[in-house]
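Keep the sequence and the model side by side as you read.

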Amino acid sequence: MSAETLDRAAPSTTGGVAVRNPARWRASLHRAAPALGLFAAARLTGMLVLALWAWHVGRSPRALLATSWDSDWYTRIAAHGYGRTLYWPDGAVQSDLAFFPLYPGLVRGVSAVLPVAGGTAGLLVSWTAAGAAAWGVYLVGERLQGRTTATWLVVLWGLLPHSIVLSMAYTEPVMTALAAWSLYALLTRRWLWAGALAALAGLSRPSGIAVAAAVLAAAGWELWRRRGRAAGRLWAAAALAPSGWLAYVVWVGVRRGDPLGGYFAVQDGWTSRFDFGAGALRFVRDMLTRPTQFGFAMALVITAAGVLLFALLALADRAHRPPLPVLVYTGVLVLITVGGSGFFESKPRFLLPAFPLLLPLACALTKARPRAAVAVTAALAGLSFCYGVYALTLAPMAL
């Protein structure tokens with residue numbers, strides 16, 4: 001990220017202090033309104049398709065969205081706190097300490113304020129966060145490539161095959177909202193905001209450390225460029241960014257009697273560990289040599305597409321290559337997803353917060369003929385809506 005890039009990203013200032021004019025935020029929301037409307041239409045249509053199929057097969061749409069898979073763990077934590085552990089016949093030990101605390105804390109807060117149950121509160125948190133995330137995604141895209149590309153970026157993100165997760169009681173909408181706004185704060189040199197939002201992202205999911213990595217990379221570059229001059233806010237942002245993630249990991253470790261390794265032992269009980277992709281490669285090898293579930297095949301295709309899109313992003317020309325913090329954030333998410341073992345079917349969900357991967361596709365649709373763009377959008381919508389139904393009502397594996 002060059003000094004010129006940072007200078008272009010700087011907000012307007014008066015006497016060296018950023019101008020915080022509420023009218024600017026209203027104007028940004030007004031610019032983002034078409035993209036947010038399209039995003040809302042995509043997600044509402046996806047939920048309607050799911051609801052129609054769920055009613056057809058005698059299932060509850062609300063239960064599917066609010067209590068499926070990990071959603072049940074989060075709502076239990078929100079209601080009763082930590083302390084649940086499942087022991088399986090094969091020796092696996094699954095502790096709820098694997099789930100980070102921000103989302104269940106928000107669910108508990110909503111339940112305390114509004115007369116709604118845990119699952120409904122979880123949906124309210126996720127839907128609100130998804131809207132905030134779409135706004136942040138738009139602002140990042142607008143900053144990098146302009147309004148039209150930013151709109152396409154939001155639409156593509158809302159039509160990913162696994163985008164049904166954005167309508168569920170899951171943590172991905174919360175993390176994406178915090179990540180997008182932290183990246184926007186970095187692009188506009190709001191260092192303390194970037195660090196604080198990164199700290200919260202680190203409390204939302206294990207992969208929230210990717211946001212802290214982006215802040216540390218941006219702060220490190222700026223410290224080098226300034227040769228350490230006027231660096232108080234940069235140092236503060238760098239200290240804040242990883243604090244949420246580190247605090248929870250250490251807390252779990254202390255609770256388990258192993259401050260440095262306790263959290264990773266908990267994850268190991270879920271067969272989740274970082275092994276630089278060795279476990280994933282073994283799974284793919286076995287999958288290709290025997291009949292497999294459709295969900296596993298889709299996970300392989302989507303993960304491979306994510307790696308390819310990151311290569312296109314990193315190798316793009318200067319006009320289309322995003323600045324350093326965006327690349328670092330996206331690269332760390334891809335690395336965590338590809339390099340982690342366990343729950344191969346969940347890898348596409350892990351990539352949902354990596355919205356910058358869609359920038360090359362958004363740029364291509366910006367330049368495409370309207371008819372071609374509409375055809376691509378319709379095809380993506382069909383895949384997204386149908387796959388959402390499959391994932392929640394037909395697939396035998398977790399999201």
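Arg189 counts as partly exposed because its relative accessibility is 22%, and the class runs between two cut-offs: buried means under 20% relative accessible area and exposed means over 50%, with a 1.4 Å probe and protein chains only. You will find Arg189 in the loop between helix H8 (172-187) and helix H9 (191-202). Helices (H or I, at least four residues) and strands (E, at least two) are DSSP runs, numbered from the N terminus.

Before going on, a word on the source. This is a predicted model, in which local features need pLDDT of at least 70 and side-chain atom pairs count only at pLDDT 80 or more, while totals for chains, interfaces and linings use all residues. Residues are numbered from 1 along each chain as its sequence is written, and side-chain values use heavy atoms, with hydrogens and water left out.

Phe343 also has a positive phi, of about 50 degrees, although it is not a glycine. Phe343 sits in the loop between E6 and H17, and with 31% relative accessibility it counts as partly exposed.

Now turn to helix H2 (residues 22-56), where Trp55 is found. Is Trp55 buried or exposed? Its relative accessible area is 56%, so Trp55 is exposed. Together with Leu48 and Leu52, Trp55 forms a nonpolar patch on the surface, and the three share about 360 Å² of accessible area. Patches are made of residues with over 30% relative accessible area and no salt bridge; like charges are joined within 9 Å, and nonpolar side chains (Val, Leu, Ile, Met, Phe, Trp, Tyr) within 5 Å. The areas come from the Shrake-Rupley method with a 1.4 Å probe, and for residues only the protein chains shown count as cover. Trp53 is in helix H2 too, and it is partly exposed, with a relative accessible area of 32%.

Glu142 forms a salt bridge with Arg31, and their closest N and O atoms are 2.6 Å apart. This pair links distant parts of the chain, with Glu142 in helix H6 (residues 118-145) and Arg31 in helix H2, 111 residues apart. A salt bridge here is a side-chain nitrogen of Lys or Arg within 4 Å of a carboxyl oxygen of Asp or Glu. Glu142 counts as buried at 16% relative accessibility, whereas Arg31 counts as partly exposed at 24%.

How many salt bridges does the structure hold? There are 11, including one between the side chains of Asp72 and Arg76 (3.1 Å, N to O). Both residues lie in helix H4, 4 residues apart, about one turn of the helix. Asp72 is partly exposed at 25%, and Arg76 is partly exposed at 39%. Asp72 has a salt bridge with Arg84 as well, with the closest N and O atoms 3.7 Å apart. Here Arg84 lies in the loop between H4 and strand E3 (85-87), 12 residues from Asp72 in helix H4. Elsewhere, salt bridges that share partners join Asp70, Glu172, Arg205 and Arg349 into one network.

The largest pocket holds about 940 Å³ of space. Of the 37 residues that line it, the closest to its centre are Arg205, Pro206, Gln267, Ser272 and Phe350. Among the elements that give two or more residues to this lining are helix H4 (70-80), helix H13 (262-269) and helix H16 (324-339). The lining divides into 22 nonpolar, 10 polar and 5 charged residues; Ala, Val, Leu, Ile, Met, Phe, Trp, Tyr, Cys and Pro count as nonpolar, Asp, Glu, Lys and Arg as charged, and the others, Gly among them, as polar. On a 1 Å grid over the protein atoms alone, a pocket is an open set of points with protein on both sides within 12 Å along at least five of seven lines, a cavity is a set where a 1.4 Å probe fits but cannot get out, and lining residues have an atom within 4 Å of a point. Grid points are joined across faces, edges and corners, and a volume is the space filled by probe spheres set on the points.

The largest cavity has about 60 Å³ of space, and its lining includes His162, Glu345 and Tyr387.
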